[in-house]
Amino acid sequence: MLDRNKSYAYVYVMAKPVFKTKIGKIYCDDSLKLMKNQLKDSSIDLIMTSPPFGLVRKKSYGNVDAEDYVEWFKDFGNQFHRILKDSGSLVIDIGGAWNPGQPTRSLYHFELLIMLCKEMGFHLAQEFYWWSPSKLPTPAEWVTVRRIRVKDAVNCVWWLSKTPWPKSSNKRILVPYSSSMKHLLKNGYKAKKRPSGHDISDKFTTNNKAAIPPNLIALPNTESNSSYQRFCRENELVEHPARFPSSLPEMFIRMLTDKGDTVFDPFGGSCVTGEVAERLKRKWICCDLSEEYIAGAKGRFNEVDKTLPSKNNALGKVYELNHPAAMWDELDDNELLQPDGGKKRKKKTS
Ligand SMILES: C[S@@+](CC[C@H](N)C(=O)[O-])C[C@H]1O[C@@H](n2cnc3c(N)ncnc32)[C@H](O)[C@@H]1O
């Protein structure tokens with residue numbers, strides 16, 4: 001039994017990877033401990049991660065309450081700052097949350113961003129919004145029953161950096177021109193001042209063969225028969241319930257790292273980040289608390305697909321987003337808005 005009056009020296013047993021490739025390692029551990037004990041200062045080029053989101057209702061993968069989220073994240077934030085190189089980036093994919101019982105949003109993911117910048121010294125290199133066209137209209141109570149909110153279809157993706165000058169190039173993630181841009185290039189554009197005062201020079205019509213993407217990422221999350229899923233099914237393993245699509249980490253790994261750089265995912269889950277990094281020849285480290293998720297993650301490395309699966313899925317994919325006015329003249333605005341903001345649930349009319 002421990003004697004309370006004595007002081008003991010604790011020895012941390014170095015965690016060993018539970019899985020390795022020539023360039024990657026998976027650890028099954030608390031990533032905070034792993035960072036504190038095993039990751040050196042300024043050793044990582046990119047931290048690409050999707051932490052457990054702050055939720056009002058707990059999910060199976062260890063989420064933290066939105067209220068306590070920022071406090072919980074502080075130790076991680078300090079370690080992220082320490083292990084990143086000066087040229088490095090921290091990319092956090094994080095979903096929003098609704099406040100319990102009312103149609104208002106939690107501020108936790110904005111508070112997280114502000115804490116990381118104001119207290120930890122990170123810089124906001126740019127904010128991205130990941131729009132998943134396949135998202136369902138939830139929460140049903142506010143969106144489809146009372147009809148007082150719209151579909152929440154974006155996750156925030158905070159791209160933070162240790163200095164204002166992280167290494168990066170948008171040339172790595174160019175996309176095809178939109179049809180309207182192709183039209184402009186074909187038919188010409190008269191150089192002139194825009195109403196905003198911007199001077200659009202004739203350089204605007206130079207055909208650079210590809211466009212610089214915006215900070216809105218259109219990417220459905222609809223994987224249904226991937227080799228990871230088949231591996232899990234064949235081996236009766238749990239599929240991770242909150243995976244991001246591989247194109248999300250791929251975009252940032254391509255833009256922010258070179259071959260041979262090191263990518264770390266401290267909340268690795270099913271190790272999507274590791275799989276992409278392996279394919280793109282970046283060194284990688286993934287860590288997750290759950291043995292169950294890691295068991296499935298190992299299946300990603302049985303045979304790494306070198307044929308750019310994400311590109312094959314992406315060819316010709318353009319997602320439609322309607323102009324908000326598309327139906328304004330057809331929709332009734334004579335029915336008065338509910339003065340109580342929809343607080344009283346209306347009786348169903350058939
Ligand atoms: C949103 S999921 C990440 C999913 C992952 N991006 C994927 O696509 O599979 C968050 C993960 O963080 C893990 N996690 C939570 N706290 C952790 C900690 N302290 N150390 C390591 N992993 C942790 C959970 O087990 C969960 O798998």
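## Report on a predicted protein chain

Thr205 is partly exposed, because 16 other C-beta atoms lie within 10 Å of its own. A residue counts as buried if 20 or more other C-beta atoms lie within 10 Å of its own, as exposed if 12 or fewer do, and as partly exposed in between, with C-beta atoms placed from the backbone. Residues are numbered from 1 along each chain as its sequence is written. The model is predicted: local features need pLDDT of at least 70 and side-chain atom pairs count only at pLDDT 80 or more, while totals for chains, interfaces and linings use all residues.

Thr205 is located in the loop between strand E10 (199-200) and strand E11. The C-alpha atoms of Thr205 and Leu184 are 7.2 Å apart in space, although the two residues are 21 positions apart in sequence. Helix H5 spans residues 179-187; the number buried among its 9 residues is 0, so H5 lies largely in the open. Just after H5, Gly188 adopts a positive phi of about 85°.

### The chain as a whole

The protein chain contains 10 helices and 13 strands. Helices (H or I, at least four residues) and strands (E, at least two) are DSSP runs, numbered from the N terminus. Of the 350 residues of the protein chain, 29% are buried. Among contacts in the protein chain with a separation of 6 or more, 72% come from residues 24 or more positions apart. Two residues are in contact if their C-beta atoms, placed from the backbone, lie within 7 Å.

### The sheet

An open sheet is formed by 9 strands in the order E1-E2-E13-E12-E3-E6-E8-E7-E11, with mixed pairing. Its edge strands, E1 (19-20) and E11 (216-218), each pair on one side only. Two strands pair if DSSP finds at least two bridges between them. Helix H7 (residues 247-256) packs on the sheet and touches E3, E6, E7 (123-131), E11 and E12; the direction of H7 makes about 160° with that of E3.

| Strands | Sense | Bridges |
|---|---|---|
| E2 (residues 24-28) and E13 | parallel | 5 bridges |
| E12 (residues 262-265) and E13 | parallel | 4 bridges |
| E3 (residues 44-49) and E6 (residues 84-94) | parallel | 5 bridges |
| E6 and E8 | antiparallel | 6 bridges |
| E7 and E8 | antiparallel | 8 bridges |

In E13, Trp284 is the bridge partner of Gly24, and Lys283 is the bridge partner of Thr262. Ile47 stands opposite Leu90 in E6, and the bridge partner of Leu90 in E8 is Leu160. Cys156 in E8 stands opposite Tyr129.

Strand E13 (residues 283-288) is largely enclosed by the rest of the structure, because 6 of its 6 residues are buried. In a regular strand the side chains alternate between the two faces of the sheet. Strand E8 (residues 154-161) is mostly covered, with 6 of its 8 residues buried.

E12, helix H8 (residues 272-279) and E13 make up a right-handed β-α-β unit. A crossover is right-handed if, with the strands pointing away from the viewer, the path from the first strand over the helix to the second runs clockwise.

### Helix packing

Helix H2 (residues 69-83) and helix H1 (residues 31-38) have axes that come within 10 Å and cross at roughly 35°. Axes are lines fitted to C-alpha atoms, for helices over the stretch in contact, and angles run from 0 to 180 degrees between N-to-C directions. The crossing of H1 and H2 is left-handed. A crossing is left-handed if the near helix is turned anticlockwise from the far one by less than a right angle, and right-handed if clockwise. In this contact, Leu32, Met35 and Lys36 of H1 meet Asp75, Phe76, Gln79 and Ile83 of H2. By class, the contact has 4 nonpolar, 1 polar and 2 charged residues. Ala, Val, Leu, Ile, Met, Phe, Trp, Tyr, Cys and Pro count as nonpolar, Asp, Glu, Lys and Arg as charged, and the others, Gly among them, as polar.

H2 also packs with helix H3 (residues 108-118) at an angle of about 35°, with the axes 10 Å apart. The crossing of H2 and H3 is right-handed. Tyr69, Val70, Phe73 and Gly77 of H2 make this contact with Tyr108, Glu111, Leu112, Met115 and Leu116 of H3. The residues of the contact of H2 with H3 comprise 7 nonpolar, 1 polar and 1 charged.
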